[in-house]
Each structure stands twice: as C-alpha cells, then as structure tokens.
Amino acid sequence: MNAKRERRLVWWAVIASLFVHVIVALSLASFNSAFGPTPLEEDKPVELTVVDLSATPPPAKLVNPPFMQTEKESVEEPKEKTFESNANSIAASQLPATGDAPLPSQEGKEKPFVDLQTHDYSLPSKVQEAKPEAKVTPPPATPAPTARPSATPRPTIAPTATPEPIATPAPEQFAMLKPTPPPPIRDPEETEATPAPKTPASAPPITSRPLPPKPSSAYQPQKQETRISGRISNRGPSAVNAVGTPLGKYQKMVSDAIGSRWYYYMNDKMDLVSVGTAHVEAEVDAKGGIKNLRVLSNNANEAFANICLQSFQEAQIPPIPPDLIATLPQGRLPVDIYFTTYPNR
C-alpha cells in the first residue's frame with residue numbers, strides 16, 4: 001500500500017513541475033517580446049509646404065463691439081478699436097493706470113454705468129428768427145411858405161386937394177381913439193429880393209433793426225463721472241479707443257431722440273415719479289418706428305414707467321440708412337435703455 005501511495009505522489013510531483021516549467025517559459029517569452037528592441041522604420045524624405053501669406057484672410061475682428069458714446073472727436077482712428085462709437089476717439093486718462101479694464105482711471109461715484117464727463121442736461125432748441133422792430137415813420141415836413149410876387153400892378157394914387165387945416169385937440173386927449181396905421185405896401189421887386197426863411201433839415205428816417213436771435217442748444221444727457229480703475233496710460237482728458245461707424249452714429253441719433261423726450265416729461269412730471277430704475281427694450285424698424293416695446297423691470301412707480309414708454313413712442317427717430325438694414329437682425333435695430341432717477345437729481 002505504501003509503495004503505490006509513494007508512486008502516486010511522485011507522478012503528481014512530476015506533473016506539477018511540468019506545469020510550473022510551462023508557465024515560466026510562457027512568461028519569459030512574453031517579457032522578451034515586450035521589452036525587446038523595436039524595429040527601425042525607414043527614413044522618409046522631408047516635405048516642405050509653401051504657404052502664400054498674402055492670400056491668408058486677416059484675423060477675425062471683434063464681433064459686435066460694445067457701444068460707447070464719444071463727445072471728444074478725433075480726426076485719426078485709434079490703433080486699438082475697442083469700442084464702437086459715433087465718432088473716432090483716442091484713449092487718454094487723467095490718472096495713472098490702476099486696473100485692467102480698457103477704460104481711463106478716474107474718481108467719481110459708484111454707479112452701474114460708465115460716464116467719463118460731468119455736465120448737466122440740455123434740451124434741444126432751435127434759433128428763433130429775428131423779428132424786425134416797429135418801424136417809426138417821421139411826420140411829413142411842412143414846406144415853408146414862400147412869398148410870391150403878385151401879378152396885379154401896383155395901383156396909382158391920384159393927387160387930392162389939400163384940405164384946410166382944422167384945429168384939433170391935444171394928442172393926449174384922444175390917444176386911445178387913434179386907429180393903428182396900416183403897414184406900408186412893399187414893392188414887388190423888393191419882395192422878390194427877400195430870401196425865404198430857412199427851415200431846419202428833417203431827421204433821417206429810422207431804419208428797422210432786427211432783434212438779436214437767441215442761440216440754439218443741442219441735446220445732451222446729464223452725466224456724472226463714475227469711479228473707474230482702467231489700464232489706459234496716455235495722459236489727457238478721459239476718453240477710450242473708439243472708432244466711428246455708421247451704426248454707431250445711428251445709435252446716437254436713436255438715444256438722443258428718446259432721451260430728449262424723457263427729460264422733457266421728467267421736468268413736467270417730476271413730482272409724480274419715485275426714485276428707481278426702469279429697464280425698457282424695443283426695436284426700431286426700417287422707417288424709424290418703435291416695435292415690440294416692453295418694460296423688462298421697474299423698481300419705481302407706474303408713473304415713471306409710463307414716462308419711459310411715452311419717451312419711446314413719441315421719439316422722432318429717423319429711418320435706418322439703407323446700408324445698415326442688411327447688417328441688422330431682421331432689418332431692425334434692438335434698443336435697450338436703463339432709465340434712472342436719483343434722490344439728489
């Protein structure tokens with residue numbers, strides 16, 4: 001029994017050793033193939049591609065740059081066209097650069113919008129035509145009378161007999177009863193020689209002078225400098241790099257037409273509105289009409305919102321230039337304005 005058991009153990013040991021040797025051989029083969037030298041690839045000739053840079057399109061410009069109204073126009077265009085505006089403007093700042101925004105650094109009040117200048121608003125007014133003054137007509141001069149010689153010959157007096165002298169009382173007794181002797185008759189020749197009396201020359205006629213016309217004034221919104229930390233380093237009055245475009249000029253026309261009406265109604269109904277901000281949105285069609293007018297938000301009272309809507313509806317907006325209609329979505333200009341009234345206004 002023991003001999004058979006020993007033979008079985010020997011066979012099992014032989015089988016186990018064979019299995020172990022097979023596993024070791026397979027593992028060695030796999031390691032040799034993984035870490036073996038990689039076959040060398042054939043060298044390919046170097047290829048060069050010539051590119052015509054003149055035919056390469058220029059880099060894409062900034063699409064729909066932000067709009068900022070410009071008051072100080074520059075003849076030259078800025079090298080960096082950061083903003084779209086109604087006129088060309090070159091960036092400048094009165095203070096050193098203190099931030100990363102493409103704006104000038106300046107002191108002012110903390111407000112949600114950007115104003116680079118401070119000035120009060122003015123409503124548009126036309127020059128009144130000069131009205132002439134009332135024309136004063138002097139009275140006609142009365143011609144001086146001139147002596148004309150009489151065509152009737154002088155009568156001859158026939159000699160009369162001399163009466164006898166009569167005794168008369170003393171002249172003192174009848175002094176009041178004496179008639180006044182008539183003036184002597186002058187000779188016509190002597191009358192012609194007498195010059196006519198001189199009359200004073202009449203004053204020259206008064207010419208009408210027009211009243212001085214009143215000066216005209218253009219519309220400008222009320223602005224107050226806001227606190228800005230920008231990166232502009234050029235010294236000068238606060239300005240940004242902006243280029244004047246036809247779209248920027250038309251946008252200014254639209255904002256001026258709406259803003260002038262808003263200030264007009266605010267002056268008339270200031271006691272009815274409350275402090276707050278209204279966000280109004282609309283579209284201007286090709287003929288200058290207002291479409292899709294709506295109030296997006298309003299934290300003031302209803303009277304203030306009505307004034308903002310009325311400013312849009314009564315604004316005299318010119319038609320969109322034909323060359324701009326094709327560049328606008330659906331041929332309409334979107335308008336987005338925030339109206340704000342402050343307690344210290």
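Analyst: Two strands pair if DSSP finds at least two bridges between them. Strand 3 and strand 4 are joined by six bridges, so they meet that rule. The model is predicted: local features need pLDDT of at least 70, side-chain atom pairs count only at pLDDT 80 or more, and totals for chains, interfaces and linings use all residues. Numbering starts from 1 along each chain as its sequence is written, and side-chain values use heavy atoms, leaving out hydrogens and water.

User: Which elements does the protein have, and in what order do they run?

Analyst: Five helices and five strands. These are DSSP runs, numbered from the N terminus (helices: H or I, at least four residues; strands: E, at least two). From the N terminus on, the order is α-β-α-β-α-β-β-α-α-β.

User: What joins strand 3 to strand 5, and in which direction do they run?

Analyst: Nine bridges, and the two strands run antiparallel. On the strand 4 side, Val-284 has Ile-290 as its bridge partner. Strand 3 and strand 4 form a hairpin with five residues between them. In that turn, Gly-288 has a positive phi of about 90°.

User: Why are strand 4 and strand 5 said to stand at the edges?

Analyst: The open sheet has three strands in the order 4-3-5, with antiparallel pairing. Strand 4 and strand 5 each have a single partner strand, so one side of each lacks a neighbour in the sheet. From one strand to the next, the twist averages 20°.

User: How do you know that the span of helix 4 agrees with expectation?

Analyst: The expected span is 1.5 Å times one less than the number of residues. Helix 4 (residues 302-313) has twelve residues, so it should span 16 Å, and its end C-alpha atoms are 16 Å apart. The values agree. Helix 3 has 23 residues and reaches 34 Å from first C-alpha to last, close to the expected 33 Å.

User: What makes the buried residues of helix 4 line one face?

Analyst: Buried means under 20% relative accessible area, exposed over 50%, partly exposed in between (1.4 Å probe, protein chains only). In helix 4, Phe-304, Ala-305, Ile-307, Cys-308, Ser-311 and Phe-312 are buried. Seen down the helix axis, they fall within an arc of 155°, so they line one face. That arc is taken from the directions from the helix axis to the C-beta atoms. Glu-302 and Gln-313 are exposed on the other side.

User: Where do the buried residues of helix 4 pack?

Analyst: Against helix 3 (246-268), strand 3 (276-284), strand 4 (290-298) and strand 5 (333-341). Contact means heavy atoms within 4.5 Å. Helix 4 runs at about 25° to strand 3. Helix 3 lies across strand 3 and strand 5, at about 35° to strand 5. Angles run from 0 to 180 degrees between N-to-C directions; axes are lines fitted to C-alpha atoms, for helices over the stretch in contact.

User: Which residues of helix 3 are buried?

Analyst: Among them are Tyr-250, Val-254, Trp-262, Tyr-263 and Met-266. The buried residues of helix 3 pack against elements including strand 1 (83-85), helix 4 and helix 5 (322-325).

User: Why does Gln-117 count as buried?

Analyst: Its relative accessibility is 16%. Gln-117 therefore falls under the cut-off. Its place is the loop between strand 1 and helix 2 (188-193). Beyond residues up to four places away in sequence, Gln-117 touches Glu-71, Lys-72, Lys-223, Gln-224, Glu-225 and Ser-238.

User: How many of the residues in the protein are buried, as a percentage?

Analyst: Buried residues make up 23% of the 345 residues.
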